[in-house]
Amino acid sequence: EFGRKVVVEPDLATAMSGQLLHAGGEDLAAAIGGETIAALALEEGYDPFGMPETKAVEDGGLYRLSGRKAVVRHADLAHCFIVTAAVGGKIAAFRVERDAAGLVLDSFRMIDGASAATLELSGAPARRIAETESVLAVIERGMVALAAEAVGIITALNAATFTYLGD
């Protein structure tokens, strides 16, 4: 239905962020209530299952992230970011607060009018929230949801075209 209505809000990214926060044992009440907005930052290239170039290094119980994430939807509204990074040869997800030192956002508008940003991380402090299995499971479910959304968009476009052409 989101695809059929051509919704430009980050519904899928929000759901994926929530799943990763939940995997990390976080209470989702603030996220569900809209008090905390988490933006999903995993895009680096064309392979969503590839090892991220963003790196995490443990530093006294926390982690420091360095790398770049592209097209983080609605980053301008986010209180925190859920960032994937490589650590010890595996993928993990980390929570990075918006005001974290070493985090720089380069905001822009996308073709559909939605806001997005590129995140530059230079030793930004982060908390590890999800391990490889959870991250890959969320990405897999996200790909299936994205395919369903695309089918909805195609259905809406076909209906509009048929209406325009007069059936």
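Me: How do you know at what angle helix 1 and helix 3 pack in this predicted model?

Reply: Happy to walk through it. Helix 1 (residues 11-23) packs against helix 3 (residues 132-165) at an angle of about 160°, and their axes lie 10 Å apart.

Me: Why is this pair called roughly antiparallel?

Reply: Angles over 145 degrees count as roughly antiparallel. The angle here is about 160°, so helix 1 and helix 3 are roughly antiparallel to each other. Their crossing is right-handed.

Me: Which residues in helix 1 and helix 3 meet?

Reply: From helix 1 come Asp11, Leu12, Met16, Gln19, Leu20 and Ala23. They meet Ser134, Val135, Val138, Ile139, Arg141, Gly142, Ala145, Leu146 and Glu149 of helix 3. Sorted by class, this contact has nine nonpolar, three polar and three charged residues.

Me: What makes strand 2 and strand 3 a pair?

Reply: Two strands pair if there are at least two bridges between them. Strand 2 (residues 55-59) and strand 3 (residues 62-73) have five bridges, in the antiparallel sense, so they count as paired.

Me: What do strand 2 and strand 3 form, and what is found in the turn?

Reply: They form a hairpin, with two residues between the strands. Glycine 60 sits in that turn and has a positive phi of about 60°.

Me: How many helices and strands does the chain have?

Reply: There are three helices and seven strands. Along the sequence, they follow the pattern α-α-β-β-β-β-β-β-β-α.

Me: How do you know whether the radius of gyration agrees or disagrees with that of a compact globule?

Reply: For 167 residues, a compact globule would have a radius of gyration near 15 Å. The chain has 17 Å, which agrees. Its C-alpha atoms fill a box of roughly 65 × 35 × 30 Å along the principal axes.

Me: Where is methionine 110, and what does it touch?

Reply: Methionine 110 is in the loop between strand 6 (103-109) and strand 7 (115-130). Leaving aside residues up to four places away in sequence, methionine 110 touches Val71, Arg73 and Ala116. Alanine 130 is 20 residues from methionine 110 in sequence and 29 Å from it in space, C-alpha to C-alpha.

Conventions. Residues are numbered from 1 along each chain as its sequence is written. This is a predicted model: local features need pLDDT of at least 70, side-chain atom pairs count only at pLDDT 80 or more; totals for chains, interfaces and linings use all residues. Side-chain values use heavy atoms; hydrogens and water are left out. Axes are lines fitted to C-alpha atoms, for helices over the stretch in contact, and angles run from 0 to 180 degrees between N-to-C directions. Helices (H or I, at least four residues) and strands (E, at least two) are DSSP runs, numbered from the N terminus. Angles under 35 degrees count as roughly parallel, over 145 as roughly antiparallel, 65 to 115 as roughly perpendicular and the rest as oblique. A crossing is left-handed if the near helix is turned anticlockwise from the far one by less than a right angle, and right-handed if clockwise. Contact means heavy atoms within 4.5 Å. Ala, Val, Leu, Ile, Met, Phe, Trp, Tyr, Cys and Pro count as nonpolar, Asp, Glu, Lys and Arg as charged, and the others, Gly among them, as polar. The radius of gyration is taken over C-alpha atoms; the globule rule is 2.2 Å times the number of residues to the power 0.38.
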